[in-house]
Amino acid sequence: MTLNWLGLFPESVKRMLLNLPSELLEHVEEVRIREERPLEINSQGRYHFLDRNGGLTLRPEEAYKPTREDTHRLLDLISNHSLYTMEEELRKGFITIPGGHRVGLAGRTVLSGGKVEHIRDISGFNVRIAKEIRGAADEMLPHLLDRKRKRVMHTLILSPPQHGKTTLLRDLARQISYGQWGAGTVRWPGMKVGIVDERSEIAGCQRGVPGFDVGPRTDVLDGCPKAEGMMMMIRSMSPDVLIVDEIGRAEDAEAVVEALHAGISVIATAHGSSVQDMRGRPALSGLIENRMFEMYAVLSRTGDARSFKLYDGGQRTLQSAASGPPGGDAYA
Amino acid sequence: MLKLVGALLVIGAGTLAGFYQAQQFAVRPRQLRELILALQRLETEISYGFTPLPDALERISASLRDPLKSLFAQAAQYMRPDYGLSAEDSIRKALEDYWKRTSMKNAEREVMEQLGGVLGTSDRQDQMKHIALAAQQLKHEEEAARDDQAKYEKMSKSLGLLIGALIVILIF
């Protein structure tokens with residue numbers, strides 16, 4: 001496990017994090033820094049405050065409280081000393097840093113014409129640590145294959161935040177591209193995969209080159225709006241499987257329909273905890289009514305144990321299983 | 001005989017010191033000009049190129065002459081992730097390392113340190129304002145430096161020679 005994300009913290013915070021038990025450190029999912037309030041880490045579904053020596057506590061008054069100096073340094077380091085290059089990111093409220101990790105930002109927003117233009121006085125940071133877990137899709141992938149027609153089924157993966165959607169997608173892309181097909185018995189060659197990675201999270205691209213292993217036959221459109229990106233992929237890159245993260249707007253749904261009709265398998269994710277939830281969302285309900293997706297996978301998590309349930313297009317339960325590699329490793 | 005050699009040495013030393021002083025007066029406006037141009041390039045890199053600060057400094061350093069070249073290159077170097085320094089610290093450390101090798105004075109250094117404190121910490125428009133302000137202050141210094149040059153450059157040269165001569169006369 002690489003701890004390359006530690007490099008982005010200022011010295012004072014880094015020292016505390018390095019004092020953590022290594023078992024805990026390797027499973028850190030989020031580090032939350034709020035100016036003048038306790039330093040928090042989330043690991044394996046639980047939260048802890050950190051005290052000055054890197055010890056764990058649950059009492060806010062004992063915890064270390066990052067100073068203005070700390071937050072300034074952190075911002076300076078994550079923006080590569082160049083906040084002015086981050087205007088688009090500040091509008092969206094997060095910065096993706098090398099390694100595919102994502103830093104969410106909170107502070108005072110500056111409006112222009114009623115829309116958020118950027119964030120200033122940034123005082124809250126949520127560092128979400130991206131993990132590459134090979135084999136995260138081992139259990140699920142065999143269920144997503146249409147063996148008769150030798151293709152991947154149109155799949156919508158539903159889960160609340162922090163349940164490993166992105167890690168799962170990354171591993172799906174990798175396995176389909178390599179032709180590994182999970183724990184099943186299928187022996188097909190790899191397929192062409194297209195990833196539309198609006199937030200640079202799936203592939204963790206640096207200068208257009210994926211930072212994670214997403215497979216040899218995979219093309220990535222980095223930082224591209226999903227709807228437009230899907231159309232671009234369909235027109236120019238001829239993927240067999242199209243992978244997108246967090247669809248939700250009307251134009252996303254249109255692009256999905258377009259891809260389905262073009263004979264491309266789509267694997268998409270959305271926030272939600274059940275297929276019923278999705279019906280309530282105007283943009284997505286159409287897709288569900290028209291049975292656009294052949295398979296729904298709903299992820300759930302209790303503490304460190306992860307599982308998924310599969311439903312077919314008519315929302316009948318097909319399968320429920322524990323997911324993830326042995327040991328139930330945490331993935332964010 | 002020995003006395004004569006000693007006298008010549010003293011006069012020679014005085015003259016050289018005078019020339020060195022004159023050289024400082026001549027070089028300071030030139031370096032200031034170069035620094036102003038460098039800041040203008042930085043402004044362009046930031047406002048049109050969206051170039052991250054370390055890359056921008058490196059590019060600018062490539063077009064400069066020493067000692068400013070090393071100053072900018074060193075600042076970019078300190079900004080690398082393995083140093084873990086903020087932009088402000090990187091620039092301050094680079095100034096500490098290389099300022100003595102320039103002919104510029106403390107007023108300019110303060111301008112640069114102030115600029116270092118805000119570089120990279122705000123949006124483009126704000127950055128441009130800060131850089132323009134710094135360039136403006138440096139221009140004032142440059143004018144003053146040119147006046148000094150006109151007044152003192154020749155004088156320093158003759159003064160060196162004369163002081164050398166004076167010492168010789170006093171010792172004899």
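Me: How much area is buried between chain A and chain B?
Reply: About 1300 Å², and carbon and sulfur atoms give 50% of that area. Buried area is the accessible area (1.4 Å probe) that two parts lose on being put together, summed over both. This is a predicted model: local features need pLDDT of at least 70, side-chain atom pairs count only at pLDDT 80 or more, and totals for chains, interfaces and linings use all residues. Residues are numbered from 1 along each chain as its sequence is written, chains are lettered from A and ligands numbered from 1 in the order in which they are written, and side-chain values use heavy atoms, with hydrogens and water left out.

Me: How many residues does the contact take from each chain?
Reply: Chain A gives 12 residues and chain B gives 20 residues, where contact means heavy atoms within 4.5 Å.

Me: And how many salt bridges are there between chain A and chain B?
Reply: Two. A salt bridge is a side-chain nitrogen of Lys or Arg within 4 Å of a carboxyl oxygen of Asp or Glu. B:Arg124 makes one with A:Glu87, and their closest N and O atoms are 3.1 Å apart.

Me: Which part of chain A gives the largest share of the side that touches chain B?
Reply: Helix α3 (residues 68-78) of chain A, with three residues. Helices (H or I, at least four residues) and strands (E, at least two) are DSSP runs, numbered from the N terminus.

Me: What does helix α3 of chain A lie across?
Reply: α3(A) lies across β1 (28-34), β5, β6 (101-112) and β7 (115-128) of chain A, and runs at about 100 degrees to β7(A). Axes are lines fitted to C-alpha atoms, for helices over the stretch in contact, and angles run from 0 to 180 degrees between N-to-C directions.

Me: In what order do the seven strands of the open sheet in chain A come?
Reply: β4-β3-β2-β1-β7-β6-β5, with antiparallel pairing. Two strands pair if DSSP finds at least two bridges between them. In chain A, β4 (56-57) and β5 (94-97) are at the edges with a single partner strand each, so one side of each has no neighbour in the sheet.

Me: How many bridges join β2 to β3 in chain A?
Reply: Four, between β2 (residues 40-43) and β3 (residues 46-50) of chain A. A:Asn42 has A:Tyr47 of β3(A) as its bridge partner.

Me: Changing topic, which peptide bond is cis?
Reply: The one from B:Asp66 to B:Pro67, with omega near 5 degrees. B:Pro67 sits in the loop between α2 (53-62) and α3 (68-78) of chain B.

Me: And where is A:Ser238?
Reply: In the loop between α6 (226-236) and β13 (241-244) of chain A. A:Ser238 has a positive phi of about 40 degrees, although it is not a glycine.
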